[in-house]
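Trainee: Could you take me through one part of this protein closely, namely its aromatic rings and what surrounds them?

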Amino acid sequence: MVVPPVMGVDLGTGRSGSRVAFLQWAGSGGRLRLGREGRAGARPKERGSTRAATRPTPSRLPSLTGLRFVAALLVFTGHVLWFTRLVPGDIGTALKLACSLAGPYGVGFFFVLSGFVLTWTARPDDAARSFWRRRLVKIGPTHLVTFGLAALLVTAMARPTSAVDWLASLTLQQAWFPSLRTSMAVNEVSWSLSCEFFFYLAFPALLPALRRMRSRWLWPAAAAVIALIAGAFLVATFLVPDQPRLSLFSMTAPVSFGQVWFVYFFPPVRALEFVLGILLARIVTAGMWPRIGLVPAFAVAAAGYLLALCEPYLAGRSGLASVCTAPLIAAAAVADLHNSPSVFRRPTMVFLGEISFAFYMVHLTVIMTASHIIGPTRTFSPATGTFLVLVLLAVALGCSVALYRYVEAPLTRRFGHHRTATGVEARHEHRPAVNGAGPPGA
């Protein structure tokens with residue numbers, strides 16, 4: 001496959017509050033111009049649609065950054081309830097069931113968000129190699145540090161591992177292995193980075209192809225992607241062997257790991273959510289997204305999670321659940337475009353969103369270390385258990401701040417420049433508020 005040399009993104013650049021025009025790349029002629037969807041002064045043709053074409057599109061979407069922490073907190077909640085017994089008794093069991101899909105729902109949100117933000121911030125003059133290098137600089141150091149911390153825990157716990165497990169996890173290839181032990185080796189949460197790694201490799205080829213698509217085909221294309229996501233669930237349910245069944249993932253409906261791997265870990269299947277995010281960004285910039293406020297969109301996302309709990313387990317764990325988060329992503333972006341009220345844009349939420357990648361990468365090691373020290377079967381009173389959960393959250397946040405300030409941010413500043421297709425390097429000051437591609441890639 002030949003990768004076009006000029007598509008990529010520049011996340012985390014420029015000064016806070018800066019405005020840039022959303023430039024469309026004319027795939028046919030290779031000329032840089034304001035595209036049809038971002039043409040200054042264009043008048044809306046559809047009533048009820050969201051149009052922001054009369055002014056430059058903000059490059060910063062702080063509400064999406066704030067939402068990242070909400071999703072990361074979902075993942076933390078699911079893991080702390082699943083891997084510990086800090087909240088005991090019937091309350092703990094009920095919470096465990098209620099939050100059994102919190103992690104998958106949060107990760108699915110990040111996959112859609114990743115495609116949206118990378119498309120939103122794509123630079124028409126960027127070279128593919130420059131994009132790949134910046135992505136590697138963004139995720140690589142934090143991955144290596146958290147891999148080392150998790151490796152110490154794996155060694156202390158004497159967890160059975162093989163050389164393949166270690167190598168696959170270190171090189172972010174573990175999601176390609178239909179093996180429970182390999183796909184979740186060492187730092188278990190890094191499997192999602194394995195998927196993101198695949199998304200990044202494909203993005204310079206995907207974006208030009210999807211940008212050539214005429215606006216009238218964007219919604220049909222999004223519907224087709226959702227149909228493919230549903231098709232992946234049907235394939236896993238009826239064509240992938242359902243034996244041997246495991247209760248590790250579901251307390252109520254045991255399934256085989258092969259089924260879970262196909263809909264949850266397999267990078268090409270998860271890439272459908274990434275493509276949905278790309279199409280969603282194009283729909284918003286084309287002014288074709290309906291007027292849906294943040295509150296209704298958040299309600300849709302919450303209802304989507306409740307629906308996922310009621311659906312067959314594989315459907316809830318697949319990208320079908322992630323579809324319900326798409327309106328929230330679009331509504332948050334539109335709220336920032338129009339400077340509408342948004343709780344997710346507050347400075348505290350934005351800061352928590354900035355550290356959410358580090359939080360995602362380190363939180364499970366903190367939880368598993370505590371479980372190893374306390375004992376996996378030891379229980380506490382509800383008050384004590386709740387207090388310990390909050391302590392673990394505080395410790396994970398403290399580690400995240402350290403990782404962000406001393407590992408992620410300095411290296412992003414140092415290497416946060418893009419190389420154009422002509423080989424010219426352009427440096428920009430680090431602006432972390434647009435690293436909304438999520439924990440699996442920031």
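**Aromatic rings in the predicted model**

Mentor: The charged end of K96 lies over the ring of W82, at 4.5 Å from the ring centre, where a charge counts as sitting over a ring if NZ of Lys or CZ of Arg is within 6 Å of the ring centre and within 35 degrees of the ring normal. This is a predicted model, in which local features need pLDDT of at least 70 and side-chain atom pairs count only at pLDDT 80 or more, while totals for chains, interfaces and linings use all residues. Residues are numbered from 1 along each chain as its sequence is written, and side-chain values use heavy atoms, with hydrogens and water left out.

Across the whole structure, a search finds 22 aromatic pairs, a pair being rings of Phe, Tyr and Trp (its six-membered ring) with centres within 6.5 Å, and with planes under 30 degrees apart counted as stacked, over 60 as edge-to-face and the rest as tilted. The rings of F199 and F274 have centres 4.8 Å apart and planes at 20°, so this pair is stacked. Because F199 lies in helix α7 (residues 191-211) and F274 in helix α10 (residues 267-285), the pair ties together parts 75 residues apart in sequence; helices here are DSSP runs of H or I with at least four residues, numbered from the N terminus. F199 counts as buried at 1% relative accessibility, and F274 counts as buried at 0%, buried meaning under 20% relative accessible area with a 1.4 Å probe, protein chains only.

Ring pairs link F199 and F274 into a cluster with F111, F131, W191, Y200, F203, F257, Y264 and F265. The charged end of R135 sits over the ring of Y200, 5.5 Å from its centre.

Technical notes
Helices (H or I, at least four residues) and strands (E, at least two) are DSSP runs, numbered from the N terminus. Buried means under 20% relative accessible area, exposed over 50%, partly exposed in between (1.4 Å probe, protein chains only).
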